[in-house]
Amino acid sequence: MTEQDAPYHAHLYYVPETRAVAEATRLRLIERMESGDIPQLLFVGQLKDGKAGPHPIPQFEIHYTKAALPSVLRLIEESGLTALVHPLTDDDLADHTSLAHWIGTPIELDLSTLDPPGRNQGVARFAKSDF
């Protein structure tokens, strides 16, 4: 795997007042993925209206390779939603903390739900499924 093929996730957060923005952003991401405009965008998950894993508020996740990072960051920033962007490595805790990049105001995550170093369930579901 090349560096540009490295797997990444982004979690886009919303509250009831911004759910419509989240849905519109999700549909825009799907459109860009299906059109081939962002070929390295591999998966767009469903809106999760409750807690999911370490994410204490509603969110949806997307999976992409590092090559798509500039396009993905631009779309997230344009949406105005808060997002956690991180690589997908074998260290789930580091992915969500020291390796992570926040767009907007960071949200306190429930780190107790994360896999121990050397085991990351997100790797197995990369580009296949969300929580």
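So, a salt bridge here means a side-chain nitrogen of Lys or Arg within 4 Å of a carboxyl oxygen of Asp or Glu. This is a predicted model, where local features need pLDDT of at least 70, side-chain atom pairs count only at pLDDT 80 or more, and totals for chains, interfaces and linings use all residues. Residues are numbered from 1 along each chain as its sequence is written, and side-chain values use heavy atoms, with hydrogens and water left out.

Okay, the structure has seven salt bridges, and I'll walk you through some of them.

Let's begin with Asp 130 and Lys 48, whose side chains meet at 3.8 Å, N to O. Asp 130 sits in the segment after helix H4 (121-124) and Lys 48 in the loop between strand S2 (41-44) and S3, so the pair ties together parts 82 residues apart in sequence. Quick note: helices (H or I, at least four residues) and strands (E, at least two) are DSSP runs, numbered from the N terminus. Buried or exposed, what is Asp 130? Buried, at 16% relative accessible area, while Lys 48 is partly exposed at 23%. Buried is under 20% relative accessible area, exposed is over 50%, and partly exposed is in between (1.4 Å probe, protein chains only).

Next up, Glu 3 and Lys 66 form a salt bridge at 2.5 Å, N to O. Glu 3 is in the segment before strand S1 (7-13), and Lys 66 is in the loop between strand S3 (59-65) and helix H2 (69-79), 63 residues apart. Glu 3 is exposed at 54%, and Lys 66 is partly exposed at 23%.

Last one: Arg 28 pairs with Glu 78 in a salt bridge, closest N and O atoms 2.9 Å apart.
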